Amino acid sequence: MPSEYEMRKRSEKFVQDAREGKKPTHMSRQEKLAKRSPIGSWALGVVLFVVLGGVLFELARLIFL
């Protein structure tokens, strides 16, 4: 549990940040996810699609040819 001194310092920092116009609180998990670029997940999807498609194609080729 934080001491009274630590709580007071944290409170002062919060007030100072709020007065300066900065966002005094941290971003929520949902805000961080909304800000993240979706390119990484698209790239992962494309790689998985190509790899799994190749595996399925090779299995079909081995079985039917």
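**Close-up views of a predicted model**

**View 1. Lys23 and its partner Glu31.** Let us start with Lys23, which counts as partly exposed at 48% relative accessibility. This and every other view here shows a predicted model. The side chain of Lys23 meets that of Glu31 in a salt bridge, with 3.2 Å from N to O. Glu31 is also partly exposed, and its relative accessibility is 35%. Side chains of opposite charge can pair when their charged atoms come close. The 3.2 Å between Lys23 and Glu31 falls within the 4 Å cut-off for a salt bridge.

**View 2. Glu20 paired with Lys22.** Here the side chains of Glu20 and Lys22 form a salt bridge, and the N to O distance is 3.3 Å. Is Glu20 buried or partly exposed? With a relative accessibility of 45%, Glu20 counts as partly exposed, because the value lies between the 20% and 50% limits.

View 3. Look next at Glu58 and Arg61, both of which lie in helix H3. They are 3 residues apart, about one turn of the helix. Their side chains meet in a salt bridge of 3.2 Å, N to O. Glu58 is partly exposed, at 35% relative accessible area, and Arg61 is partly exposed too, at 41%. For the model as a whole, the count of salt bridges comes to 6.

**View 4. Met27 in the loop between H1 and H2.** Where does Met27 sit? Its place is in the loop that runs between helix H1 (4-20) and helix H2 (29-35). Met27 is partly exposed, with 34% relative accessible area. Setting aside neighbours within four places in sequence, Met27 is in contact with Lys32 and Lys35. For a sense of scale, Met27 and Leu65 are 38 residues apart along the chain, and 56 Å separates their C-alpha atoms.

**View 5. A nonpolar surface patch that includes Ile63.** Leu65 comes back in this view as one of the residues of a nonpolar surface patch. The patch covers about 1,000 Å² and is made by Val47, Val51, Val55, Leu56, Leu59, Leu62, Ile63, Phe64 and Leu65. Ile63 has its place in helix H3, which spans residues 39-64. Why does Ile63 count as exposed? Its relative accessible area is 63%, so Ile63 passes the 50% limit for an exposed residue.

How values were computed: Residues numbered from 1 in each chain as written. Predicted model: local features only at pLDDT ≥ 70, side-chain atom pairs only at ≥ 80, totals over all residues. Heavy atoms only, no water. Patch = residues over 30% accessible without salt bridge, like charges linked within 9 Å, V, L, I, M, F, W, Y side chains within 5 Å. Areas by Shrake-Rupley, 256 points an atom, 1.4 Å probe, with all protein chains shown as cover. Helix = DSSP H or I, 4+ residues; strand = E, 2+ residues; numbered from the N terminus. Buried < 20%, exposed > 50% of the residue type's maximum accessible area, 1.4 Å probe, protein only. Contact = heavy atoms within 4.5 Å.
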